[in-house]
Amino acid sequence: MHREARRLKSAGRRAARAGVPRTLRLAEWLAILVAAGGRCAHCRQQVADLTLDHVLPLSQDGPHAASNIVAACEGCNRRRNRAAHQWFWGGWPA
Ligand SMILES: [Zn+2]
């Protein structure tokens, strides 16, 4: 689990730089990972390595809190932009 602790730490540093509230704890992030069951929250692909993704991006004052965090594959995380998140919240295509 050291890898996840490191991931949480670097995400926390980004959040600190963005000046947003930070409440996410390691146990919460691990629970999000368990709930994801290895699937990306955006594309639903089963991937070996899920990354921490802020639903409302830090750049838009999204809090670093469990309610604003999903587990996403690296591809989706890199494409983090408003459109992708709106698509995500708008529901899945049939
Ligand atoms: Zn994905």
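Let me start with R44, which lies in the loop between α2 and β1. This is a predicted model, so every angle and distance I quote is computed from predicted coordinates. In the model, phi of R44 is near 65 degrees, and that is a positive value in a residue other than glycine.

D61 has 11 C-beta neighbours inside 10 Å, so D61 counts as exposed.

Now the overall layout. The chain has four helices and two strands. Reading from the N terminus, the order is α-α-β-β-α-α. The chain has 94 residues, and 19% of them count as buried. If you take the contacts between residues at least 6 apart in sequence, 57% join residues at least 24 apart.

Next, the first two helices. Helix α1 covers residues 2-18 and helix α2 covers residues 26-36. For α1 there is a simple length check. At 1.5 Å a residue, its 17 residues should span 24 Å, and the end C-alpha atoms are 24 Å apart, so the two values agree.

How do α1 and α2 sit relative to each other? Their axes come within 10 Å and cross at roughly 110 degrees. That makes α1 roughly perpendicular to α2, since angles from 65 to 115 degrees fall in that class. The crossing is right-handed.

Which residues make the contact between these helices? From α1 they are E4, A5 and L8, and they meet L26, W29 and L30 of α2. By class, that contact has five nonpolar residues, one charged and no polar. As background, an α-helix has 3.6 residues a turn, so residues three or four places apart point the same way.

V20 is in the loop between α1 and α2. V20 is buried, because 20 other C-beta atoms lie within 10 Å, and 20 or more is what burial requires.

What does V20 touch, once residues up to four places away in sequence are set aside? The list is A15, L58, D61, G62, P63 and H64. D61, then, which I described as exposed, is one of the residues that V20 touches. As for L58, V20 and L58 are 38 residues apart along the chain, yet their C-alpha atoms are separated by 7.0 Å.

P63 is found in the loop between β1, residues 51-54, and β2, residues 69-72. Leaving out neighbours within four places in sequence, P63 is in contact with V20, P21 and N68. P63 and A15 are 48 residues apart in sequence, and the C-alpha to C-alpha distance between them is 7.7 Å. How exposed is P63? With 19 C-beta neighbours inside 10 Å, P63 counts as partly exposed, because burial needs 20 or more.

To recap the loops: R44 sits between α2 and β1, V20 between α1 and α2, and P63 between β1 and β2. V20 and P63 are in contact.

Methods: Residues numbered from 1 in each chain as written. Predicted model: local features only at pLDDT ≥ 70, side-chain atom pairs only at ≥ 80, totals over all residues. Buried ≥ 20, exposed ≤ 12 C-beta atoms within 10 Å, placed from the backbone. Contact = placed C-beta atoms within 7 Å. Axes fitted to C-alpha atoms, helices over the stretch in contact; angles between N-to-C directions. Parallel < 35°, antiparallel > 145°, perpendicular 65-115°, else oblique. Left-handed = near helix turned anticlockwise from the far one by under 90°. Nonpolar A, V, L, I, M, F, W, Y, C, P; charged D, E, K, R; others polar. Expected span 1.5 Å × (residues − 1).
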